[in-house]
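Good morning, and thank you for coming.

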Amino acid sequence: MTEEKRFIYMDNAATTPTRKEVVDAMIPYMSDNFGNPSSLYSIAELSAEAVETARSQVASAIGALPKEIYFTSGGTEADNWAIKGVAFANRDKGNHIITSQVEHHAVLHTTEWLEKQGFEVTYLPVDSYGMVSPGDVRDAITDKTILITIMTANNEIGTIMPIAEIGKIAREKGVLFHTDAVQAAGHIPLDVNEMNIDMLSLSGHKFRGPKGTGALYIGKRVKIDPLMHGGAQERHRRAGTENVPGIVGLGKAIELSAAEMEEESGRISSLRDVLIQKLLEIPKSHLNGHPEIRLPNNVNVVFEYIEGESILLMLNRRGICASTGSACSSKSLDPSHVLMACGLPHETIHGSLRLTLGHDTTEDDIEYVVQNIREVVQKLRNMSPLTPPELRNS
Amino acid sequence: MYSDKVMDHFENPRNQGTIEDADGIGEVGNPQCGDIMKIYIKVRNDTIEDVKFQTFGCGAAIASSSMATEMIKGKTVKEAWDLSNKAVAEALEGLPPQKLHCSVLAEEAIHKAINDYRAKNGLETWEETGGHQEHHH
């Protein structure tokens, strides 16, 4: 074990640290400029203007108009609103929704709830890379289909979906298309018009903005009911006093991410490729997700014969924060539904490790992480009854 | 999530490995469930003279194996049989509720190893409880 005490954060798909420029932009709206944007005096106007600036910043990052952006409490609310809002507002047209088996729980638990309300949902399978087939989307559409919701990029394995193709099919068939872009926004280019997207969810804390902030893009042809009822905020579509500091932070974070995206994604994807290559040098390891069409920051690798939670615990002792799709991790005893949908056997899923790189990741970090993962994998393999003799060293 | 004791046994497992000429071997769990525990025992004069384990599983499973082997080493076969999963969990200063099955796994692996030893020596096997099969992932 390496004695040097370090802290390396490689769980940027879970959340990111809020960048300093963002915090600086937010602070005045928690102190001096604290007015409620709905009030009619000067400091309230400052708040209202700041919210509108953020709306423009978000719109600009995804090729939308400011009036098409609605602020939410995060990606989960945006997903819930898009799916439930469209389902209930369009019930007279049909009750069928199409999604995939690898969506985030914010989508899957929402569609499962809608099934209890009488909606029918098709859960499309994915290939071994976790990719949805546009042909499958086309085949699943019926005259009762009112919504297609397919994520832009998968949070566990990083696979980027053929969103533009799916959007084209949806538009041709006259079906609304929502995409959960929570993992993608701020990291890969998105244009709601070019990609024929009717609704897009994003979340501030995934691109170095504050937690508890998100947005839903709603295109002009979308008929949608509100999720939150109350005041007249967000043009009567999303009630509740605006989270002004959060919204300001979200706007600033996405503006900076969009401006730096090309350079930053290039740098991070180079580090990602080195990390993948070095981890795959460990015998009996495999990459999950698509080898090329994947998020710039996502690495998901399986190490046979060992279990993910054990890997995480040992890495944590070495100052490395990571994630796993193992059943034994954290609060859930269910193995990753994403890795299962990719066709991986249970025993393989148990040994998965997700490392998601971020702005602070350096070449040096990659070296340290690789060295420690080698040690941890060997230590756990020495302990496992499944490990073949040739892979043991004690 | 885990006590210092669990983390100590997880990072520095006691009695890890195999016994080539074991008198009894017990294996429980399966790879689908995410944990397998294998216990090897060496018995002399009705006493567990040596014990080793191999475990595929989470931190709690590894720590439970390590602690359980420590607790039965030097004990009579009957005393080892009577080691409860509760005693293992208590010795580890507690396990999270969803991880208690890991200590059950240790108890069962020891039972299987002892019955393997008894069967090989022409002794009647004792009745196993089989609690782990009741837990669901």
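Predicted model: local features only at pLDDT ≥ 70, side-chain atom pairs only at ≥ 80, totals over all residues.

The lining of the second largest pocket comprises 10 nonpolar, 10 polar and 7 charged residues.

Helix α8(A) gives the largest share of the lining, with 6 residues.

I turn now to the contact between the chains. On one side, 25 residues of chain A take part, and on the other, 26 residues of chain B. The size of an interface is often expressed as the accessible area that is lost when the parts come together. Between chain A and chain B, the buried area is about 2200 Å², and carbon and sulfur atoms contribute 62% of it.

In one salt bridge, the side chain of R317(A) meets that of E11(B), with an N to O distance of 3.9 Å. Polar contacts between chain A and chain B number 9 residue pairs, with both residues at pLDDT 80 or more.

On the side of chain A that touches chain B, three helices of chain A each supply at least two residues: α9 (308-317), α11 (346-349) and α12 (363-383). The largest share of that side comes from α9(A), which provides 5 residues. Sorted by class, the side of chain A that touches chain B holds 10 nonpolar, 6 polar and 9 charged residues.

The largest cavity holds about 30 Å³ of space. Which residues line the largest cavity? From chain A there are I306(A), E307(A), S310(A), L380(A) and S384(A), and from chain B there are T55(B), F56(B), G57(B) and I62(B). By class, this lining of the largest cavity divides into 4 nonpolar, 4 polar and 1 charged.

Finally, the salt bridges of the structure as a whole. Over all chains, the structure contains 33 salt bridges. Among them is the pair E172(A) and R138(A), whose closest N and O atoms lie 3.7 Å apart. E172(A) belongs to helix α6 of chain A, residues 163-173, and R138(A) to helix α5 of chain A, residues 134-140, so this pair ties together parts that are 34 residues apart in sequence.

Thank you for your attention.

How values were computed. Residues numbered from 1 in each chain as written. Chains lettered and ligands numbered in written order. Heavy atoms only, no water. Helix = DSSP H or I, 4+ residues; strand = E, 2+ residues; numbered from the N terminus. Nonpolar A, V, L, I, M, F, W, Y, C, P; charged D, E, K, R; others polar. Contact = heavy atoms within 4.5 Å. Buried area = accessible area lost by both parts, 1.4 Å probe. Salt bridge = Lys/Arg side-chain N within 4 Å of Asp/Glu carboxyl O. Polar contact = N/O pair within 3.5 Å; in protein donor to acceptor, adjacent residues only side chain to side chain. 1 Å grid on protein atoms, 1.4 Å probe; cavity = no way out; pocket = protein on both sides within 12 Å on 5 of 7 lines; lining within 4 Å. Points joined across faces, edges and corners; volume = space filled by probe spheres on them.
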